[in-house]
Amino acid sequence: MSDGIRGAGLGLRSPHISHILENRPNVPWFEVLTDNYLNRGEVPHKSLREVRAHYPIVFHSVGMNLGSTDPLKRSYFERLSQLIKEYEPEWVSDHLCWVGVGETYANDLLPLPYTQEAVDHLAQRISQAQEWLGREILVENLSQYVSFDRADYSEVGFLVEVAKRSGCCLLLDVNNVYVNSRNLGFDPHAYIDAIPRDLVKQMHLAGHETTPECLIDSHGKSVSEEVWSLYRYALNRIGPTPTLIEWDRDVPEFSILWNEAKLAEVLLQGASQ
Ligand SMILES: [Fe+2]
């Protein structure tokens, strides 16, 4: 585990902030969605400063646009650097995706083909991002519903190759591995077996919806039994790794979210080093 962050943390969501500040629950750390704080006024920052005064945090971004063919936006990274300087997060993460090109933004995390060209492209851009931020970042595996015709790598082979080439580490979303394994037809255990354990610094868990056509990574309900089982497998293979429950739609009351995190904590405590 990281020296500074241990156990099962929670995503910091605005409906819970006053409860957290008033009651100071014994949550080991919070994950902060950095894009919500890049251009906001003083009020949300006042709350975040108060949270930070009492808890370790990690940063999670969606706006680096690491996979796009647009040049990386220097102004975005400068603002992010200011936030990092002010709040001193343990880690900064984003996704192995692209979110827009030119004037068009997808409002979604879009995949890249698993080709050598895409590895080269991402490795160069993640290296640049890390240079601008002056630190290593974590990149997260996506949920997917379709695959590209052309591929030089499997999904996990692509993820590991990009990490090795760029020097970044991984945020392993276990729910995304499970959802993709069902949607695209691969063995999720073999996926986890293929990841060098030292690359993984954080994990995500989340709920998904089951439809007749596919599984949807909805982040709107509790973690499924199948994903808990895969998480147990991942912890035993990779070792105890700080883990976050993602719940972004129909955000429940704080106690429900925290109970999910406590389930993860029990499994973390039982995992072999
Ligand atoms: Fe995630």
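Helices (H or I, at least four residues) and strands (E, at least two) are taken as DSSP runs and numbered from the N terminus. The structure is a predicted model, in which local features need pLDDT of at least 70 and side-chain atom pairs count only at pLDDT 80 or more, whereas totals for chains, interfaces and linings use all residues. Residues are numbered from 1 along each chain as its sequence is written.

Helix 5 (residues 155-166) comprises twelve residues and reaches 17 Å from its first C-alpha to its last, close to the 16 Å expected at 1.5 Å a residue, the expected span being 1.5 Å times one less than the number of residues. Gly167, which follows helix 5, has a positive phi, near 80°. A residue is termed buried if 20 or more other C-beta atoms, placed from the backbone, lie within 10 Å of its own, and in helix 5 the buried residues are Glu155, Val156, Phe158, Leu159, Val162, Ala163 and Ser166. Seen down the axis of helix 5, these buried residues fall within an arc of 160° and so line one face of the helix, the arc being that of the directions from the helix axis to the C-beta atoms. Their cover includes helix 4 (116-133), strand 7 (138-140), strand 8 (169-173), helix 6 (174-184) and helix 7 (188-193), with contact defined by C-beta atoms, placed from the backbone, within 7 Å.

Eight strands close into a barrel in the order 1-2-3-4-7-8-9-12, with parallel pairing, where two strands pair if DSSP finds at least two bridges between them. Strand 9 (residues 200-206) and strand 12 (residues 243-246) run parallel and are joined by four bridges, and His204 stands opposite Leu244 in strand 12. Two bridges join strand 3 (residues 57-60) to strand 4, again in parallel, and Phe59 has Val92 of strand 4 as its bridge partner. Strand 4 (residues 92-95) is covered on both faces, with Val92 and Asp94 buried on one side and Ser93 and His95 buried on the other.

Not counting residues up to four places away in sequence, Ala234 touches Leu172, Val174, Ile192 and Met203.

Ala264 lies in helix 9 (residues 254-270) and counts as buried because 22 C-beta neighbours lie inside 10 Å. With the exclusion of residues up to four places away in sequence, Ala264 touches Ala8, Leu205, Thr243 and Ile245.

Methods:
Two residues are in contact if their C-beta atoms, placed from the backbone, lie within 7 Å. A residue is buried if 20 or more other C-beta atoms lie within 10 Å of its own, exposed if 12 or fewer, and partly exposed in between; C-beta atoms are placed from the backbone.
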